[in-house]
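Subject: Structure for your review

Dear colleague,

Please find below the structure that I am handing over to you. My notes on it follow.

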Amino acid sequence: MAERSFRAEVGKLRLGEGEEFLGEGILAVTKALLQAGVAYVAGYQGAPISHLMDVLTDADDILRELGVHFEHSASEATAAATLAASVHYPLRGAVTFKSTVGTNVAADALANLASGGVTGGAMLIVGEDYGEGSSIMQERSHAFAMKSQVWLLDPRPNLPSIVAMVEKGFELSEATRTPVMLELRIRACHVRGRFTARDNRRAAFTLKDAIEHPRRDVDRIVLPPASFLHEQEKITQRWPAAQRFIREHGLNERFAAQAQPFGIILQGGMYNAVVRALQLLGLADAWGETRVPLYVLNVTYPLVDDELLDFCAGKHAVLLVEEGQPAFIEQNIETILRKADSATRVHGKDMLPMAGELTGAVMLKAVVRFLRRCAPQLLEGVTLPAAAHTALPAVVAAPAADRSPRLPGADTAEREQLLREADPHIHARPPSFCTGCPERPIFTALKLVERELGHHHVSADIGCHLFSILPPFDIGATTMGYGLGWAGAAALNTDQTRRRTISFMGDGGFWHNGLTSGVGNAVFNRTDNLLVVVDNSYSAATGGQDLPSSRALNPIRSTRHSIEAAVRGVGVSWVRSVSRTYDVAGLRDTFREALTTPEPGPKVIVASSECMLNRQRRERPAMRARIAAGERTVRERFGVDAETCTGDHSCIRLSGCPSLSVRDNPDPLRRDPVATVLESCVGCGLCGEVSHAAVLCPSFHRAGIISHPGRLERWRARLGRWLAGWLSRGEQARLRAIHG
Amino acid sequence: MIAAPRPITIAILAMGGEGGGVLADWLADLAEHAGWHAQATSVPGVAQRTGATIYYLELFPRDHPAAGGREPVLALMPTAGEVDLAVASELMEAARAVQRGLVTPDRTVLVASTHRVYAMTEKMAMGDGRVDAQRLLQACRAAARAGVLADFAALCAPSQAPIGAALFGAIAASGRLPFALADFRAAIERGGVGVAASLAAFQAGHEGAVRALAAEASDATATAPHVATALHVATAPHAGNAAHAAAAAAEPARPGDEPALPRVGPALAALAERIRGAVPAGVQATAIHGIRRLAEYQDVAYAAEYLGLLERILARRPAPALLEELARHLALWMSYEDVIRVADLKTRPDRLDRVAAASNLAPDQVLVLDEFLHPRLDEIADLLPEALGRRVLAGGLLAALLGRFLGRGRVVRTSSPGGYLSLFLLARLRRWRRGSLRHRRERALIDAWLAAIDDLLDTDPALALELIRNQRLVKGYADTHARGLGNYQRLFGLLPALRARAGAAAVMAALREAALADEQGGKLGAAIVGFGLASTDS
């Protein structure tokens with residue numbers, strides 16, 4: 001079960017002609033797919049399109065009604081290859097994944113698909129994880145579009161534009177026999193807005209039709225000589241057809257094109273940010289009515305040469321707003337203009353930063369710089385917003401007239417001083433393992449075994465377990481990609497040393513490709529090293545989607561396939577399964593054994609415990625229900641005795657649980673803060689296990705709060721209390737005499 | 001220049017699981033129902049896993065006279081300097097909003113909770129790694145046009161709702177949004193999840209915000225704008241000597257007494273009198289805490305022994321600041337943590353009630369309490385009489401015999417008769433503590449420490465003070481204790497080399513900080529080499 005449920009919202013997918021849809025971008029895209037009459041959808045989850053997969057999962061019955069086949073692909077390569085159904089058949093299909101990491105994985109299938117071309121509309125919806133909050137390397141999907149010649153759609157980030165582009169995208173794909181890629185940035189995926197719905201469409205040609213009447217055309221298959229023909233066809237037929245379609249259907253948009261002898265060319269996705277900059281400068285109104293000409297590229301690949309030349313005609317300069325690098329569009333535009341002997345000068349990465357997100361302040365600065373160069377008169381009399389002229393707007397903005405004189409920082413110098421002084425006190429707050437996370441104890445155990453055996457080379461993977469590279473664990477040297485944890489240590493394999501390397505891989509990465517790229521590779525190459533498969537029963541980092549090895553039964557998927565059996569199946573004989581990762585001492589001993597056993601060959605530890613987020617989501621309501629029904633229920637939580645805690649915080653350095661924190665020392669003689677367990681504790685047991693395994697301190701206690709206890713339990717508790725009171729009579733008197 | 005109507009811009013800074021997304025949904029729903037366009041977006045993803053996340057909203061009136069049926073173009077991310085309402089669920093996140101330029105004095109109303117959720121780097125320090133909350137608070141107040149700053153986490157705690165609901169109440173109270181109070185409540189009700197708890201938290205947040213705003217407005221001490229208002233001081237979790245202040249506040253001040261001293265019972269009356277007569281006023285409270293601690297730890301005679309040791313140094317007329325630190329550290333050292341102490345504290349008569357209160361135990365619920373203990377051979381040998389203890393530690397048959405029963409973790413249920421009895425009996429070994437191996441060892445260390453302090457009092461009192469403070473290094477149990485004691489002794493061993501140099505005190509202080517900065521001791525080693533003291537440390 002996914003982390004977020006769209007059960008209540010998928011009803012919006014049934015909206016009909018003329019009704020108003022109000023909701024998140026990702027849900028709007030799903031609705032647009034149904035309106036476009038897709039026959040199949042597939043994908044692999046990952047921010048920001050995880051929710052698209054979750055929406056589709058929750059909408060499974062609606063999809064069935066419309067005859068749409070939906071798959072949770074094993075990987076992005078699987079997803080892209082799924083589009084092969086549209087090669088020979090007039091079937092519309094869409095697949096989705098995270099870019100650029102997913103696009104990297106999909107690249108092989110994507111290249112083959114694009115070479116032969118398609119008959120039915122084929123769309124890849126890629127979620128861009130670029131800029132703030134991103135968890136991946138910063139690269140561009142644009143490169144993939146260019147390399148395989150896939151048209152790249154980048155609509156303005158509002159729901160009507162996105163929905164229209166999904167529908168137009170299928171038409172473009174069919175008109176040009178070319179797959180299209182719809183690029184959605186993270187904020188557009190999650191933007192809330194409205195559009196007017198149309199009826200869902202059932203595909204005229206169905207999957208059944210295709211299966212029962214198979215077709216083949218050897219000219220569409222990538223093998224010489226067809227592949228050489230494909231290349232010619234891309235250039236001589238598909239490319240001009242695409243330009244014609246884009247121009248004729250007005251996919252790119254122009255605003256106030258003739259208003260000035262200069263203008264701005266922008267990626268569709270940048271539209272709202274550019275308009276905001278113009279609004280702040282008084283050059284556009286709240287509804288986007290602009291005084292500066294705009295040419296909005298809702299299709300960023302291919303460019304339409306004559307449309308571009310037409311916009312630039314009579315303009316001495318244009319500013320190109322393009323996010324990320326390399327500056328592919330800028331190079332493309334320069335080439336088109338220079339070959340046409342245009343006198344229009346192109347500004348782009350000379351005024352915008354080459355690398356990094358185009359935030360509001362960055363965009364504003366670039367537009368001001370451009371206008372100062374080409375039309376300084378437009379800025380005359382304009383009070384520039386604070387962000388336009390400084391790196392630290394907080395310091396220079398003048399206080400409002402009604403600001404209380406009692407607030408500190410009445411004058412700029414004092415304010416600057418106070419902000420500067422606060423700076424070093426603002427620490428980074430990266431993501432980390434959740435409260436009660438079952439992956440944390442794995443790294444606690446590794447930290448303990450490294451105290452005995454010394455440091456090891458650790459190859460990390462992608463997933464929540466990658467948080468191990470941050471404090472307090474500081475474990476992990478490289479991460480080479482999803483499922484590539486063990487592959488990342490492949491070279492560090494020699495009989496010149498007895499020290500072994502350790503690799504990590506999540507259950508998600510394992511099924512994605514790690515079973516072959518990591519385990520199979522290690523078996524074949526006779527490694528002597530250790531792999532730890534972190535199995536939390538879900539694809540947890542992407543939002544808790546199910547996997548082949550998920551323990552839960554899933555009504556639409558086949559689960560409960562054993563990781564250990566799979567590992568043994570490809571030839572590993574040294575396998576240890578740990579079914580409760582909170583057993584730190586047990587894990588430590590298993591680690592020790594794996595790292596020191598004289599037995600040669602690959603070693604795999606499968607460390608399994610259910611993701612605590614998912615577990616709590618299921619168990620918390622169940623526990624409330626049990627208590628309400630009057631059943632005996634135990635809730636456990638840990639605590640720290642402040643009197644015995646000496647404030648060294650070893651426990652925190654070995655755990656890092658968000659619920660384990662510090663507070664002022666209540667002891668009047670001590671200064672260092674004591675450890676404390678916050679109310680959010682879920683009683684996972686790690687604190688107790690760590691204090692045992694690491695021989696930490698006796699300060700931890702576990703409180704079991706029993707609702708509706710049995711009679712014997714009550715009686716024992718009363719007896720315990722009575723005994724304590726009776727035994728400590730003398731002690732109480734002694735303490736009274738001391739403390740008064 | 002187009003005189004454009006502006007949208008209302010709202011940035012919410014929250015951490016995963018704090019209800020930031022729900023808060024953004026309520027705000028969007030509130031605005032939509034009031035006839036506004038509301039565009040909300042966020043950057044979820046892995047940042048949701050306990051990291052910091054920003055939610056961003058823009059609101060624009062739908063029936064604006066100039067709209068003419070057009071949709072406004074709203075931004076998907078905040079521009080520095082252009083945020084009307086910044087909401088932060090925690091103090092450091094509020095300061096981060098300031099740092100990012102999302103709070104400016106020309107326009108931003110900052111609604112923020114002043115409680116702290118400590119960052120990992122603050123929590124994992126071996127000493128006190130917490131940052132100065134006052135600086136964060138001052139930056140927030142300096143940067144905002146107006147601040148609605150209070151501990152909304154504490155205010156919403158009784159309702160058990162996420163802090164987002166209390167912040168929603170504070171937003172309503174801030175007056176920055178053009179919506180009626182009833183509309184805010186209606187948005188929560190439409191949300192339909194945990195409505196009763198959210199409304200209670202909303203109410204508490206609203207009331208707290210109204211109080212905070214009133215305190216700000218009526219703060220008559222306008223001459224001292226740098227001093228936080230009473231509300232802020234009360235809610236700031238990390239104010240310099242918070243523990244000290246709290247301890248002092250716990251004692252009722254009697255009229256006539258200048259600084260209120262800790263209370264003592266009849267058993268300590270004579271010793272307390274001695275302190276009041278001879279010890280400088282500023283040190284009396286600490287010294288009395290010291291005798292209370294040691295009498296409770298061992299007996300009244302032990303407290304008298306402590307006072308005697310203190311008086312020996314007192315006779316040398318040191319600066320009160322030095323004496324105060326000595327009174328504190330000597331009491332801490334003399335009450336070193338051994339098995340007896342732990343058993344004693346775990347069987348205190350009121351302990352079960354304290355844990356029950358902390359767990360919000362209802363009258364019809366039963367509490368079971370388990371302790372995680374890990375007695376090792378060393379600790380048991382420590383309990384034995386000196387000669388016997390040494391024999392055990394030397395190994396051999398006795399050690400092997402004992403080792404079979406020790407060396408693994410045990411869970412003792414103190415809420416059960418048997419568990420309580422076993423720890424209670426262990427605590428009774430107090431009577432024989434003075435003869436134990438551990439006591440002899442600690443006492444020898446204390447004596448050497450005091451002698452060195454005594455020795456330095458005339459020649460280098462600043463170094464003496466740092467030597468006193470080195471006691472802070474010795475803490476914890478088992479390996480942690482061994483590591484701390486090792487560091488302490490390493491620094492103690494550097495004394496002969498240090499006392500010859502000018503500025504020795506500063507060097508000692510720096511070395512202590514280095515020891516506390518790194519569990520593996522690498523930083524301390526580097527610092528020793530850096531100060532050119534490596535040759536004496538072998």
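In chain B, strand β7 (residues 366–373) pairs with β8(B) in the antiparallel sense over four bridges. Here strands (E, at least two residues) and helices (H or I, at least four) are DSSP runs numbered from the N terminus, and two strands count as paired if DSSP finds at least two bridges between them. One of these bridges links Asp370(B) to Arg413(B) in β8(B).

This is a predicted model, in which local features need pLDDT of at least 70 and side-chain atom pairs count only at pLDDT 80 or more, while totals for chains, interfaces and linings use all residues. Residues are numbered from 1 along each chain as its sequence is written, chains are lettered from A and ligands numbered from 1 in the order in which they are written, and side-chain values use heavy atoms, with hydrogens and water left out.

The pair belongs to an open, antiparallel sheet of four strands in the order β21(A)-β24(A)-β7(B)-β8(B). Its edges are β21 (633–640) of chain A and β8 (410–413) of chain B, each of which pairs on one side only. Neighbouring strands are turned by 25° against each other on average, direction ignored; axes are lines fitted to C-alpha atoms, for helices over the stretch in contact, and angles run from 0 to 180 degrees between N-to-C directions. Helix α16 (residues 351–358) of chain B lies across β21 and β24 (700–707) of chain A and β7 of chain B, at about 110° to β7(B); contact means heavy atoms within 4.5 Å.

**Cavities**

The whole structure holds 10 cavities of 30 Å³ or more. A cavity is a set of points, on a 1 Å grid over the protein atoms alone, where a 1.4 Å probe fits but cannot get out, and lining residues have an atom within 4 Å of a point. The largest cavity has about 330 Å³ of space, a volume being the space filled by probe spheres set on the points. Its lining comprises 28 residues, with Arg185(A), Gly269(A), Met270(A), Leu76(B) and Met77(B) nearest the centre. Helix α12(A) contributes the most to this lining, with five residues.

**Backbone details**

A cis peptide bond, with omega about 5°, joins Ser99(A) and Thr100(A); Thr100(A) is in the loop between β4 (93–99) and α6 (101–116) of chain A. Another cis peptide bond, with omega about 5°, joins Pro471(A) and Pro472(A).

Yours sincerely

Notes
On a 1 Å grid over the protein atoms alone, a cavity is a set of points where a 1.4 Å probe fits but cannot get out, and a pocket is an open set with protein on both sides within 12 Å along at least five of seven lines; lining residues have an atom within 4 Å of a point.
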